[in-house]
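Biologist: Could you walk me through this model, one question at a time? I would like the cut-offs spelled out as we go.

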Amino acid sequence: MTELAMQAAPAGKRRDNVNIELLRACAIYAVILIHCTMGYYYDETLMKAHPRLWLVPNFYYAFSHFCVPCFFIISAYFQINRDQPRPPLKTLKRVVLPFLFWSLVYAYVNHIHPETEIIRRMFLDTTNFHLWFLPVFTGYAALLPLLLAYARQGEAGRQRLPVLLIFVFSIILPSLNGFLNGFGFIHLDLSPLNQFDFTLPSFLLFGLCAPFLIRDMKPWAAAGLYVLLCGLNMALAVKFARHQGGPNEFWYQYTSLFIFLSSFAMFNLFMGFDLARLSVRARRLIMALGDCSFGIYLIHWCVFLALQRFGVMVARQIVIGPPVNAALIFCVAFPIILVWKRVPYLKEVV
């Protein structure tokens with residue numbers, strides 16, 4: 001995920017953008033935090049018996065879901081700002097090979113067999129829940145350059161119509177459909193209007209909206225906007241779940257309205273940081289974290305299972321458990337990937 005976006009950067013410029021690398025590292029930590037929080041979020045007993053305590057996993061969910069969208073935004077940012085297009089096949093190679101390799105790894109880890117079931121899972125389902133991202137990003141990487149090229153050829157403002165249509169059909173209508181039916185206001189199923197997309201058009205919107213929503217903002221303004229949007233989304237998600245009678249992630253989906261907008265606020269926040277005063281050592285650490293972030297994403301669930309088996313994870317601590325466990329997984333996975341990336345051939349899959 002991160003490596004593909006990284007490869008899209010102009011030669012000689014990627015290594016100078018510490019802001020992007022810092023955002024990547026924080027986004028990967030946020031991914032791990034979400035996965036460490038899932039058990040608490042989906043605990044119906046916790047939700048119903050201790051509703052105030054259940055707000056804690058909702059807080060982690062609401063403020064961490066910028067993670068995946070930011071990788072789509074980063075890739076679009078590089079695509080928009082680079083001088084020469086990168087060969088599509090070379091770009092796709094950076095995500096297809098890891099997808100195939102790690103699908104087989106997780107098939108083994110999850111005891112999936114026979115071989116026909118592994119193949120079916122790889123292309124029609126998934127061998128591990130977090131690998132859903134790679135096929136979607138493959139389509140994103142292939143189509144976004146074509147769509148942006150079309151937009152550049154048109155007259156000024158001409159591209160706003162397709163962007164608006166995708167926004168309405170991929171984000172507004174599904175969000176409206178979930179709101180109306182989820183709260184019981186009306187029983188009108190709008191979902192068939194969105195079934196043709198296989199989730200891809202809504203993710204393409206991150207790239208198509210990037211020229212409009214990436215703005216020079218003061219960090220305090222971007223941070224305030226991010227907190228406001230996440231707070232509103234958390235309140236809506238909690239109310240929605242309680243109305244449904246159980247945990248429900250509808251408003252935490254990556255393409256839901258508030259997550260979509262707050263992700264751009266987070267991107268603008270990181271791009272507004274002045275990191276020029278960082279020491280050389282600090283910059284090198286950030287660049288190394290960014291360079292390893294794709295591999296950390298791929299391997300983190302294996303690390304989670306290993307640490308859980310050895311009993312070193314913080315258990316039954318709803319407040320400190322998820323962030324501490326996420327930090328532990330991140331810190332264990334980072335040196336593994338750092339060494340892995342120095343191994344010829346094997347480095348191609350992280």
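**The chain as a whole**

Biologist: Among contacts in the protein chain between residues at least 6 apart in sequence, what percentage joins residues at least 24 apart?

Modeller: Contact here means heavy atoms within 4.5 Å. Taking the pairs at least 6 apart in sequence, the share that joins residues at least 24 apart is 82%.

Biologist: Before we go on, what kind of model is this, and which pLDDT values apply?

Modeller: Residues are numbered from 1 along each chain as its sequence is written, and side-chain values use heavy atoms, with hydrogens and water left out. The model is predicted: totals for chains, interfaces and linings use all residues, local features need pLDDT of at least 70, and side-chain atom pairs count only at pLDDT 80 or more.

Biologist: What percentage of the 350 residues is buried?

Modeller: Buried means under 20% relative accessible area, exposed means over 50%, and partly exposed lies in between, with a 1.4 Å probe and protein chains only. Of the 350 residues in the protein chain, the buried ones make up 51%.

Biologist: Are α2 and α14 parallel or oblique to each other?

Modeller: Two packed helices are described by the angle between their axes and the distance between the axes. Axes are lines fitted to C-alpha atoms, for helices over the stretch in contact, and angles run from 0 to 180 degrees between N-to-C directions. Helix α2 (residues 18-41) and helix α14 (residues 321-340) have axes that come within 8 Å and cross at roughly 130 degrees. Angles under 35 degrees count as roughly parallel, over 145 as roughly antiparallel, 65 to 115 as roughly perpendicular and the rest as oblique, so α2 and α14 are oblique.

Biologist: Is the crossing of α2 and α14 left-handed or right-handed?

Modeller: A crossing is left-handed if the near helix is turned anticlockwise from the far one by less than a right angle, and right-handed if clockwise. For α2 and α14, the crossing is right-handed.

Biologist: How do the residues of the contact of α2 with α14 divide into nonpolar, polar and charged?

Modeller: From α2 the contact includes A25, I28, Y29 and I32, and from α14 it includes P322, P323 and F330. Ala, Val, Leu, Ile, Met, Phe, Trp, Tyr, Cys and Pro count as nonpolar, Asp, Glu, Lys and Arg as charged, and the others, Gly among them, as polar. The division is 13 nonpolar, two polar and no charged.

Biologist: How do the residues of the contact of α2 with α12 divide?

Modeller: The axes of α2 and helix α12 (residues 257-271) come within 9 Å and cross at roughly 135 degrees, which means that α2 is oblique to α12. This crossing is right-handed. N19, I20, L22, L23 and C26 of α2 meet M266, F267, F270 and M271 of α12. The division is eight nonpolar, one polar and no charged.

**Salt bridges**

Biologist: Which residue forms a salt bridge with K48?

Modeller: A salt bridge is a side-chain nitrogen of Lys or Arg within 4 Å of a carboxyl oxygen of Asp or Glu, and by this rule there are six. With an N to O distance of 3.5 Å, the partner is E44.

Biologist: Which residues are linked in a network with R120?

Modeller: R120, partly exposed at 35%, forms a salt bridge with E117 at 3.1 Å and another with D125 at 4.0 Å. E117 and R120 are three residues apart in helix α7 (residues 115-124), so about one helical turn separates them. Along with R120, the network links E117, R121 and D125.

**Backbone details**

Biologist: Which residues does a cis peptide bond join?

Modeller: One of the two, P114, sits in the loop between α6 (88-109) and α7. With omega at about 0 degrees, the cis bond joins H113 and P114.

Biologist: What is the phi of H111?

Modeller: H111 is in the loop between α6 and α7 and is exposed at 65% relative accessibility. Although H111 is not a glycine, its phi is positive, about 55 degrees.

Technical notes. Helices (H or I, at least four residues) and strands (E, at least two) are DSSP runs, numbered from the N terminus.
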